[in-house]
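Thanks for coming, everyone. Let me put today's structure on the screen, and then I'll walk you through a few places in it.

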Amino acid sequence: MPKAFDLKNALRRLLLPTHRLATGWWRRQSPARQDRFATLGPLISVLLFLTAIILAFWYLRNEENEREDEAVKRDTEIAQQQIRLRLIENQEQLVRLAREIVTRAVDTHEFSAQAKSFARERPEITHISWISSRRETRASISGAGFQDDVLMQTDGLDPSMPIANQSSPPELAFLAAKERRQPSYSAAFNDYNSTTVFQVQVPLIDRTGFSGVLIAEYSVEALLRYYVRSEVTARHVVAILNANEQIVASTVTPMPGRKSRRASIFYEVPVAPAMNGLVLRGEGYRTSIGLISNTLFWMVVSLSTLTVWMLLGTWKHMRRRLQIQNALTSETNFRRAMENSMLTGMRAMDMESRISYVNPAFCAMTGFSEAELIGRKPPFPFWPPDRIEENARLLQQELQGRSPAGGVEVKILRKDGTTFDGRVYISPLVDTKGKQTGWMTSMTNITEAKRVRDQLSASHERFTTVLEGLDAAVSVLSVQQGELLFANRSYRLWFGADPAGHALLSGSQLARSAEIEPDEEVDDYSGLPAQALTETGSDPREVYVESLEMWFDVRARYLQWTDGRLAQMLIATDITTRRHAEAQAALQAERAQMTSRLMTMGEMASSVAHELNQPLTAITNYCNGMVSRVRNDAIQKDDLLAALEKTAKQAQRAGQIIHRIRNFVKRNEPKREAAQASEIVEDAVELAGIELRRRNVAIHTYVAQRLPQLMVDPILIEQVLMNLLKNAAEAIDNAGLPASRRHIELRVVPKHTPELGGHIDFSVTDMGPGMPEEVIARMYEAFFSTKADGMGIGLGLCRSIVESHQGRIRAENLYNGEAIVGCRFAFSIPVDISRTETPGLTIQNNTASGPAVNQTATP
């Protein structure tokens, strides 16, 4: 008891803050909002009740449908199990009979007796036949109700007989049994009596090999009739479908000529162990009525709708009543709210120019209270002493109706003695009967506006001065009228005052031709918001003006002119000098690339000569051998042809080497094109392999497949790979490393990083002595080299080539503890990883002279 009491007190203490919060929130609401919440509470309750009823109906109906689904599934699996057990049992008996036939334990007479006994106990079997390897019938026994003399004829008219060079189901099963040496089930087909059947063919394998098959043919309809339980067929329809989803047998016979309706519930399983395309389908139907057609459901919906309608009517009536109550309060508070919220000072005077009303804004402007102003006549206390006569004259002018439309600008004296500039508007004060009862004056403080206007004028003057002093041409053109609204000194110097220069820089025609009449104008931007266009800029463009022989960097954007018109502003900067410098830099870079390739091939000259000497020596030996044997008349035609073919292959090999070298060193304009990484690596490895074999260095290459295409200059990327492979081989050879460390690894794999996105990574790893950190920091500097005869342009040129393809190159030493065990150079080329060519990753091993890309090369 004390424990229950303590639990109750603890729960009360826990809920007390929530209760206080809810109570405080309710008390802070106005009576109108409390009435609204009180009306919405029952409405929400009714809607929740209706939702709960609908969900309950839906849950019960779904539960009943699930039970029916499970029943159909269970009965279908039971039928499948019965058929499966029967087929397995029959197959075991047939295998035993086939074993006796093979071992010569039975002849055709004894086979017929055993087959008759076997078929008599199995009504689903139409016949059992013994077929030789030449498809000849040794013996054939029919089931009950079938004639022996029409079975398994070799005249080609019996569809149950396997016939060579045909694609009938019995022939396909015969070939499968012969090839697999295992029982084979055929697809379903119609036999001589137009009955849907399928066969199981058990191969007969003796000492000589395949000697024939033992065929048992099943009737699909009998199999379904005899081996599906009656309690299953009483509950659901069970049917067998062929591979084309056509019903070949069913426990329910459909009406002739009428298309059967598809069952709402069905479950399909294969006819095992046949697995020949036949499917066992169990069908059922939902017995419950739909949710919408339920009478109780509509009764609940009707009652809920009536309740909701009554609650909405009550809520609407309370709302109307509340609106009427608030109308009076709003009407009385409206004028005071206007007076208190208005920033413009309002003053009312009667016909004798006596002040009868001032609003709070007027009192705040002048510093005088309402009591100090009401009833006062001119001169008013807020008139400066030195301007009393002038203000009196202006007041009489305004009272006589000669006040300017833009109001009168006057000086106003505050109570504290300070003054400010004000603009005063006077209009007649007319009552509801149309009779003038006085004058209404409105006054605004324009001191800040005048200051801002003066500052804007000065700022405009300064801004115009800056624009006139710019070296860039600045112009503003009206989009609709094609009128040049502004042009600075540089624009006028280059293009004059003609708007055609603006159109030439923007790359478009003028928005309006001079010949178009005003009533024929077409607004290309009709319906488009000017604000959206003015917030939209454009990418910078480089434009060449042929008449001036100058290049301009043009930047454009839309803006709204001072009169509201949509205009386009252009800023054109002279970049002729920069373009000339870029052209010279591109020419120098192209020459450097060509020089680097020629230097590479020059360094490899001895290796190339050695590589070409091998096929040339072989050609010489073949030719000398053929000449010697021809002179001695000791060569046959076949031997001569074989020797000539070998000579042609060696010449072709030498030609390929020269062709690859020529393609590498010939001068071409840099051109981006779609290329495969595997082809680039293949060409680079083929050329580098010459130098690697001379230096006794092995190369192991791994190129991932499913790589997307690269948009690169293949020769330049091949040049980078050549330089990296050659540098790695030189480092290994100069260090005099043992054979275990004289190898290079080239890997090409796709990668994706948040910084670079999708890219293909090329890495060259050697087991050489590595590089000092100070060399890594300076290796890209121009003319810096660690080689005695090096020019220091190789790695710098590689970096320029990679960065021109928006890629990155990096170098690092490989460590084993604190010892350097190698060096890795890698560069990445951006690419779309989602676009792939071939599936999978493959590693192949070949020699360096082979054409494969994924390869392992040995010297």
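I'll take some strands, then a few loops, and finish with one aspartate.

A word on the ground rules. This is a predicted model, so local features need pLDDT of at least 70 and side-chain atom pairs count only at pLDDT 80 or more, while totals for chains, interfaces and linings use all residues. Residues are numbered from 1 along each chain as its sequence is written, and side-chain values use heavy atoms, with hydrogens and water left out.

Let's begin with strand β1, residues 125-132. When I say strand or helix, I mean a DSSP run, E of at least two residues for strands and H or I of at least four for helices, numbered from the N terminus. Eight of the eight residues of β1 are buried, so the strand is largely enclosed by the rest of the structure. Buried here is under 20% relative accessible area, exposed is over 50%, and partly exposed lies in between, using a 1.4 Å probe and protein chains only.

Which strands does β1 pair with? One is β6, residues 209-219, which runs antiparallel to β1 and is joined to it by seven bridges. For two strands to pair, DSSP has to find at least two bridges between them. If you want a spot to look at, S129 has I215 of β6 as its bridge partner. Strand β2, residues 137-142, also pairs with β1 in the antiparallel sense, over five bridges, and there I131 stands opposite T137. The β1 and β2 hairpin has four residues between its strands, and R135 takes a positive phi near 65° in that hairpin.

Now please move along to a five-stranded sheet. It is open, its order is β17-β16-β20-β19-β18, and the pairing is antiparallel. At the edges we have β17 (484-487) and β18 (541-545); each has a single partner strand, so one side of each is left without a neighbour in the sheet. Neighbouring strands are turned by 30° against each other on average, direction ignored. Those angles come from axes fitted to C-alpha atoms, on a scale from 0 to 180 degrees between N-to-C directions. Within this sheet, β19 (residues 550-560) and β20 (residues 566-574) share nine bridges in the antiparallel sense, with R555 opposite I571.

On to the loops. Where are the cis peptide bonds I'd like to show you? One joins A272 and P273, with omega about 0°, and P273 sits in the loop between β9 (265-270) and β10 (279-284). Another joins P378 and P379, again with omega about 0°; P379 lies between α9 (370-373) and α10 (388-399).

Two residues other than glycine have positive phi values worth a look. S353 has phi near 65°, in the loop between β11 (345-350) and β12 (355-358), and is buried at 10% relative accessible area. Q806 has phi near 60°, in the loop between α21 (794-804) and β26 (808-816), and counts as exposed at 56%.

Last, D191, in the loop between β4 (189-190) and β5 (196-206). The D191 side chain does reach the backbone nitrogen of T195, at 2.7 Å.

Terms used. Polar contact = N/O pair within 3.5 Å; in protein donor to acceptor, adjacent residues only side chain to side chain.
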